[in-house]
Amino acid sequence: MQDMGYVFPNDLHVHWNLMVVVYPYILGMVAGAFFISSLSRVFGAISLAGISKFALIFALAWLPFVTVPLINHLGHPERFMNMMITPNFETPSLMAGFGVLFTLYAVFLILEVLFVYRYEFITLRNRSTGFKKSLYNALLLGTNDTSAQSRKRDIRVSMLLSSIGIPLAALLNGYEGFVLGTIDANILWNTPLMPIIFFFSALVSGVAGVILFYILAKAITNKLDDIETETLRTLTKILWALFAFTFAVQMIDIASLAYASTHRWDLINSLLSGPLSFSYWTMQVMILSIIPAIVLAILSLRIVSRKIILIALPVAALMLLAEVFFMRWNTVIGGQILANSDRGFATYHPLMFEKEGILVSALLLILPIVLFWLLSKIFPLWDTDRIKRHITHYKR
Amino acid sequence: MRVNQELIDRDRRGFIQSVVTGSVGGSLMLMIPMSSSLGKELSSSSSEAKVNPINLDANYCFMVDVTGCIGCGNCCVADRKENNVPEGQYRTWVERYVIDIYNTVYVDAPDGGEKGYSEPRTDIEATIKEAFFVPKLCNMCEDPSCVQGCPISATFTTPDGFVIVDSDHCVACGYCVMACPYGVRFINEETKVADKCTWCYHRVRKGKLPACVQACPTGARKFGDLNDLESEVSKIYRSAERLEVLKPELGNEPTLYYINSREEVV
């Protein structure tokens, strides 16, 4: 039996738009960067010690923008505090937990930054004058202890904060996937793999973001030689492993659906081979997944020289950043294009200048980088002594 | 004797008058969509009080007889008028199903069926074997995913089973719009909050029928209390009539029942 196109009259256009694509993307950048920053602190990955602070501040820079697309998307943005004041824990609503979880995570991240930088701030405060001095004073929250004991305590506390922060980040990003995955009305979203896919793709985007901007920052400041080869190799392997896993899970989801060939697959296939064929198969899978996966696999081999890694790794990272964006788009928008009537496709064409349009989305992805640059003026990103010590150790 | 003749004459005149008025009015009802005076007509209608106004123990249910719907669109006009629904958005709509001899199903609902289906579809080449109309509205689920997911309980189920929205509290995050598998929710373009069919809760609370039920010329839309054994819905519910709900596999437990529905209806 063949059906012709029909969409319920209220569903002609997509409601969860670009803002809902951008929001998990920003959240993912925070999680991925935080993950890289924590690896050396919690798991003792010494080769990542040089990038730890960079990644931590990178995460901090994206943090204030997490809720902006969500609030901008609300029909009544002025009522957004209702989410915190009257959360629905009765039925319970998954979304209601977001406010609490995110606030908790933000507090942990900010506290961690303060503890990691406490000792350095004391030195910086003593060296600076005027506004900067009072800023450091404020960030120090009145502490002035430079003893070895206090520094040890800083490390212990930041390690503890990281250890709690990682599962919190996982929960927050997994939750995002869970919110979509449990909407049984949506054929594309409704899979238990959604939280896993969302969490790991979040890590992929965050790690790729850190790698790209780390190498860019070094290249711009003409300090490429400062990057330890071992750091590059470790980052390559982490990115490759994370992405290979994420990609595999996504493909397993599709493959099992296709093989089972239920009515659900007929509908999803009509979407993937119809309106999403270019953005899904061509862009997300063929170009932005398979190519960087091969490149990263080759780069992970020991035989590849440092010079090649320095060129190919940021390119692969950039492609994966785009891949995750396409994945978010294909999931969030694609799921709604596949209409509830099971008989047709809704449409969505974002405009450049609308409230939730392309320009605002672009700004939301650029402003964190600007903030990151500003933060780098306050938070030193490089631990010069330590880097030099490691370079003598690892540079080949 | 003369008096009696006068009475008979008057009665005859009255009778003829009633026949003419009734015929013209009835024909117009069937031929053209409801006029803008419908609202007045609804509020002054005498056929209300079919619903006990203050009865929290009632088990309200809505039934749609698919074979009874003629696709006139009166229900949609009445609903828009009653609930100030913005143009282009729908609390209720009527779908037209057409099936050709090759079993291809054609569904459409131009303007939500609000202007009636006076013209046949011209884009179908094969011979048509059957056609029918399916009114859609809130399924008023007993286990509604829209209520479950609302982050701030702005949408909730009343003690008497109506799923409604607190428009003063709703932030319009759109989760309920996503969660409703029936596509009956939307973000109202004017109020900027989630909106949906309420089975005219405000009318039912006053003992009136929902506006669409009141406006339906064929009785295809039925509303009543299942606990009231004398109500039409209760009688149908307890009869051998086959009742179906939409998308039962999703577990939302709708209380909107379809009589004589078809498997093609989603």
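Which residue of β11(B) does B:Val64 stand opposite?

## Pairing of β1 and β11

In this predicted model, B:Val64 stands opposite B:Tyr258 in β11(B). This contact belongs to the pairing of strand β1, residues 60–65 of chain B, with strand β11, residues 256–259 of chain B; the two run in the parallel sense and are joined over 4 bridges.

The pairing between β1(B) and β9(B) is antiparallel and extends over 5 bridges. Here B:Cys61 stands opposite B:Gly224 in β9(B).

## Burial of β1

Strand β1(B) is mostly covered, with 6 of its 6 residues buried. The side chains of B:Tyr60, B:Phe62 and B:Val64 point one way, those of B:Cys61, B:Met63 and B:Asp65 point the other way, and all are buried. B:Cys61 has a relative accessibility of 1% and therefore counts as buried.

## Cysteines and disulfides

A disulfide is a covalent bond between the sulfur atoms of two cysteines. How many disulfides does the structure hold over all chains? The number is 0.

B:Cys170 is buried, at 7% relative accessible area. The cysteine sulfur closest to that of B:Cys170 is in B:Cys176, at 6.1 Å, which is too far for a bond.

Definitions and conventions: Residues numbered from 1 in each chain as written. Chains lettered and ligands numbered in written order. Predicted model: local features only at pLDDT ≥ 70, side-chain atom pairs only at ≥ 80, totals over all residues. Heavy atoms only, no water. Pairing = 2+ DSSP bridges. Disulfide = S-S within 2.5 Å. Buried < 20%, exposed > 50% of the residue type's maximum accessible area, 1.4 Å probe, protein only.
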